[in-house]
Amino acid sequence: MKAPLAALTLAALLAVSACGGGARDTGAAQGPQPLRMSIWTSNEAHLKLFKEIAAEYRKAHPQVGEITFDPIPFETYTTTLTTQIAGGNAPDLAWIMENSAPDFVGSGALVPLKSRIENVGELVPSATRLWEQGGELYAYPFSTSPFGVFVNTDLVKAAGQKTPRELMKAGQWDWEHANAINKAVAAKGGNGLTILNFDYKAWDNLATVWQGWGAKAWSDDGGTCRFNAPEMVEAMTFLHKAIFTDKSMPGPGTAVDFFSGDTAMAVAQISRAAMLEDATFKWDLVPLPAGPKGPYAVIGQAGIGVLKKSPRAEQATDFLAYFANAANSAKLAAYFPPARSSLLTAATMAKTSSMLNGDQLQEVVIDGIEKGVVKPSHTGQAELAQTARAALDPLWKPDADVKAVLDGVCAKIQPLLGG
């Protein structure tokens, strides 16, 4: 299946969109003008906080009309956003996922922000790297969130297993022990480990596992496929065995929901903690298990950018500056780890993150940001992602030849990497 045109031509589309409209604010002549921000979350707690911040901004800015937050499903987020842009229905502001950062930043489609962000010098360099070009900042790294493992400790104990936290104290929290726990839970009729938003489609979320083997999708310079390197073959062999032999991960087509209590573990970011507010089971949050290469961390990021094509780009930029100031960043830290060094302490984040304790915040968030690597990103990501996904499809069968499939992935994506 071919990817949608809007996805295949993302970089070109954004470059064209950067040339038209934008950088003008017609609100003064036409009365209060609305603003629209595209986001991927529809969580009620998240939206409530966003709306409160928007309401406070509007009190001091009567020239701004309603500020709406437009949720788009995670699975189709970038494709839907680019389709809106192509169709002349672009939002004024948009969350941008890390895998699309090179295209959005490199295309010139976004308004520069560096001079508008309060105390921009305190933004952690590892958090801003993806969103910078030529010394300018083109999106505010709104959420710099390491992945951790949410654990249903009730299911783990019911299967007669030590909890991950007990294993951490014993120095045994690694993928081998994690797999044994999930295998035992599955043998009792439950579900083992799920990687949120993977669903055998979003393969880049598997970086939360393969990084433990030191594997990479491509070389650091982006020019050479590394899917068939020995480290990746070992990591994918582990995953394949977990799915089809140990049954410690739900297989393709199996719908599971950690937050309803039917799953032992879920790899996810701390923003998901909001979904546990009414949980009927005991749970914990721990770092990713160590891999053969030792402890590691993987970070997912979302930046907020202002589209130059917006006719209200100036007002949208002003709202983003307010949304991202130190005071609001502290509020948002309850769900989205901030990029501001002044806020990156467990004690500070614990004041707003009522769902998580200091140990969880330190182990998963603070330590994770310090040592983590960001999920794979590359120019032309939309076509690259679709091509890799199709090439990986044969891997999700019981009799798959892991090395042969990964050789096939490289054969397909190497031309897209520039070599």
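Student: How many salt bridges are there between domain 1 and domain 2?
Tutor: The count between domain 1 and domain 2 is two salt bridges. Here a salt bridge is a side-chain nitrogen of Lys or Arg within 4 Å of a carboxyl oxygen of Asp or Glu. Keep in mind that this is a predicted model, where local features need pLDDT of at least 70, side-chain atom pairs count only at pLDDT 80 or more, and totals for chains, interfaces and linings use all residues. Residues are numbered from 1 along each chain as its sequence is written, and side-chain values use heavy atoms, with hydrogens and water left out.

Student: Which residue forms a salt bridge with Arg-165?
Tutor: That is Glu-363, and the closest N and O atoms of the two are 3.3 Å apart.

Student: Why can side chains like that pair?
Tutor: Side chains of opposite charge can pair when their charged atoms come close.

Student: OK, and where are the two domains?
Tutor: Domain 1 covers 32-145 + 300-365, while domain 2 covers 146-299 + 375-417. Those bounds come from an automatic or database domain assignment. Taken over C-alpha atoms, the centres of the two domains are separated by 27 Å.

Student: How many residues are in contact there?
Tutor: 25 residues of domain 1 are in contact with 31 residues of domain 2, where contact means heavy atoms within 4.5 Å.

Student: What area do they bury between them?
Tutor: About 2300 Å², with 62% of it on carbon and sulfur atoms. Buried area is the accessible area (1.4 Å probe) that two parts lose on being put together, summed over both.

Student: Which residues of domain 1 lose the most area?
Tutor: Ser-145, Met-355 and Val-364 do, and together they make up 25% of what that side buries.

Student: What about polar contacts across the interface, how many residue pairs?
Tutor: The rule finds ten residue pairs, both residues being at pLDDT 80 or more. A polar contact is a pair of N or O atoms within 3.5 Å; within protein, one must be able to donate a hydrogen and the other to accept it, and residues adjacent in sequence count only if both atoms are side-chain atoms.

Student: New topic: where is Asp-174 found?
Tutor: Look in the loop between helix H9 (164-169) and helix H10 (175-187). Helices (H or I, at least four residues) and strands (E, at least two) are DSSP runs, numbered from the N terminus.

Student: What does the side chain of Asp-174 reach?
Tutor: It reaches the backbone nitrogen of Glu-176 at 3.3 Å. A polar contact of 2.8 Å also joins the side chains of Asp-174 and His-177. Leaving aside neighbours within four places in sequence, Asp-174 is in contact with Pro-289 and Ala-290.

Student: Last one: what is the mean pLDDT of the protein?
Tutor: The mean is 90, and 93% of the residues reach 70 or more. pLDDT is the predictor's confidence in each residue, from 0 to 100.

Student: And where does pLDDT stay under 50?
Tutor: One such stretch is residues 1-8, for which the model has twelve contacts beyond four places in sequence. Residues 21-28 are also below 50. Where pLDDT is low, the predicted coordinates should not be read in detail.
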